[in-house]
Every structure is written in C-alpha cells, then in structure tokens.
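Me: Could you take a close look at the nonpolar parts of this model for me, starting at the surface and then going inside? Please spell out the cut-offs as you go.

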Amino acid sequence: MNSFLELNPVLQGLLATIFTWAITALGASLVFFFKKVNKKFLNSMLGFSAGVMIAASFWSLLMPSIELCQELSVNKFIIPSIGFLLGGIFIIFADKFMDKFSYGKILGYDSNKISSESKYKKSILLVIAVTLHNIPEGLAVGVAFGGVAAGIPGTSIVAAITLAFGIGLQNFPEGAAVSLPLRKEGLSVKRSFFYGQLSGLVEPIAGVFGALAALTARSVLPILLAFSAGAMISVVGSELLPESCIENKTLTTIGLILGFIVMMILDVALG
C-alpha cells in the first residue's frame with residue numbers, strides 16, 4: 001500500500017482504472033461458467049455501487065469543485081452547476097443516441113426479419129453504450145488521484161481509492177450484463193467475453209487524462225470535477241437504480257444506503 005501511495009499520481013490513476021477495467025473483465029468472465037447469475041446478488045452490488053457513486057459525486061467531486069472555485073476566485077455555484085449539468089446531459093444524450101438505433105434499421109432489415117448478422121451489430125452497439133458511460137467514470141478516478149497531488153481542497157487519497165473501488169464494484173455486474181446477453185444471442189463464449197471486457201478498456205485512458213488534467217490544467221478543474229459528478233449521478237439515475245430495482249427494491253435500497261454510508265465515513269472521517 002505504501003509503495004502505491006509513493007507513485008506518481010498519473011500512474012496511480014492508471015493503476016486504479018486498470019483495476020476498474022479488470023473488475024469489468026472479471027464480470028464478463030462469468031460467461032465461461034454460467035448462463036445466468038443470481039439477480040439478487042447483482043442487484044445488491046448495483047445498489048451498493050450507486051450509493052458509493054452518489055456520495056463520491058458530492059464529497060470527492062462536486063464539493064472539491066466548489067472549494068476550488070473559491071480558491072480561484074471564480075463563481076462558486078455557476079461553474080460547478082454548468083459542469084454538473086453538462087455531465088448529466090452527456091449521459092442523457094449518449095443514451096438517446098443509442099436508443100434511436102434499431103438493429104434492423106442499421107442493417108437494412110425489417111424489424112421482424114433480422115438476420116444473424118445483427119448479433120454482431122448488436123454487440124458493437126452494446127459495447128459502445130457501456131463505453132460511453134465508462135468514460136466519465138475513468139475521468140472521475142483520474143481527477144480524484146491527480147487532485148490529491150495538486151492540493152485541491154476536499155480531496156484525499158482515501159476518497160480516491162474508495163471511488164475507484166466503488167466504480168470497480170459496479171463494473172462487475174456491468175461486464176456480466178454485456179457478455180451474458182451476447183452469449184444468449186448465440187455469440188461464442190470467447191467473443192462474448194471479449195466484448196464484455198472491451199467496454200471497460202476506455203477507463204484507463206480516461207483515468208490518465210483526468211490525472212494529467214488535474215496536475216496541469218488547474219483552472220479547468222472545477223468544471224471537470226463537476227462534469228464527472230453530473231455524469232456519475234446520471235448513470236446512477238438512468239442505469240444502476242432502474243435496472244436493479246426491477247426485481248428487488250428492498251435489496252437495492254439497502255445496498256444504496258450502505259454504499260453511501262461507507263463512502264461518507266471513509267471520505268469525511270479518514271479524508
């Protein structure tokens with residue numbers, strides 16, 4: 001642990017987001033062993049991750065954005081609000097962009113007569129949709145680690161590590177959510193796993209960018225931090241909670257509360 005803390009913050013961000021990608025790959029690897037996974041277990045994980053991400057969005061991203069605005073003598077509520085709004089809109093429009101495509105239309109087939117080739121197009125679109133969500137998540141982790149080294153108020157190494165853990169945790173069911181349906185569609189086990197883990201590869205790239213931005217572009221950090229917070233809240237609201245509440249709202253709610261409390265304690269008490 002001490003050796004990790006002594007690393008360059010860019011390398012810390014890279015390793016942390018490699019971890020989140022590895023958890024995505026671990027979730028995708030379930031396709032080698034199962035055709036279905038216990039939904040109660042996945043819903044609990046999604047709920048817990050949602051709680052961690054909501055708490056992290058405030059204490060690790062939005063609050064530091066506000067405090068940094070004060071330090072830079074810029075408006076402390078307009079700039080974070082704009083960044084938060086842009087982050088949320090990014091996810092909303094990404095979802096709308098994916099939703100407007102029907103696989104049959106893309107391939108030129110009637111919606112009731114889609115050929116087997118649509119499986120490959122479907123896999124590509126599914127990976128793109130998940131990847132779009134992973135970009136701000138990787139960015140948030142990188143900014144969190146870079147922000148500690150840059151001395152951004154409200155940031156801490158404990159909060160950055162916890163944020164990476166929370167995002168990694170929600171990446172596990174996310175990887176499975178890509179690979180298992182693709183296997184059910186008839187793709188090979190290896191190809192289903194490949195597409196499942198591929199969706200998380202963008203996180204290390206975004207993590208390095210976020211850490212570099214935190215170290216070299218301090219003036220844009222308030223809006224970047226708020227953007228990451230808005231995107232994460234949008235992911236929670238549009239993906240994690242609706243999906244996990246379909247079958248068991250109680251488990252999801254308990255997981256949400258516990259995740260929020262854990263992140264709050266680690267960030268406030270230890271940060």
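Reply: Happy to! On the surface, Phe77, Ile78, Ile82, Leu86, Val220 and Ile223 form a nonpolar patch with about 510 Å² of accessible area together. Areas come from the Shrake-Rupley method with a 1.4 Å probe, and only the protein chains shown count as cover.

This is a predicted model: local features need pLDDT of at least 70, side-chain atom pairs count only at pLDDT 80 or more, and totals for chains, interfaces and linings use all residues. Residues are numbered from 1 along each chain as its sequence is written, and side-chain values use heavy atoms, leaving out hydrogens and water.

Helix α4 (residues 78-99) brings the largest share of the patch, three residues; helices are DSSP runs (H or I, at least four residues), numbered from the N terminus. Ile223 sits in helix α10 (residues 221-245) and counts as partly exposed because its relative accessibility is 32%, between buried (under 20%) and exposed (over 50%).

Inside, the largest nonpolar core has 48 residues, of which Val141, Leu163, Leu221, Met232 and Leu240 touch the most other members. Such a core is a set of buried Ala, Val, Leu, Ile, Met, Phe, Trp, Tyr and Cys residues joined through side-chain atoms within 4.5 Å. Helix α3 gives the most to this core, with 12 residues. Beyond its neighbours within four places in sequence, Leu221 is in contact (heavy atoms within 4.5 Å) with Leu68, Val143, Ile152, Ala213 and Ala214.

Methods: Patches are made of residues with over 30% relative accessible area and no salt bridge: like charges are joined within 9 Å, nonpolar side chains (Val, Leu, Ile, Met, Phe, Trp, Tyr) within 5 Å. A salt bridge is a side-chain nitrogen of Lys or Arg within 4 Å of a carboxyl oxygen of Asp or Glu. Helices (H or I, at least four residues) and strands (E, at least two) are DSSP runs, numbered from the N terminus. Buried means under 20% relative accessible area, exposed over 50%, partly exposed in between (1.4 Å probe, protein chains only).
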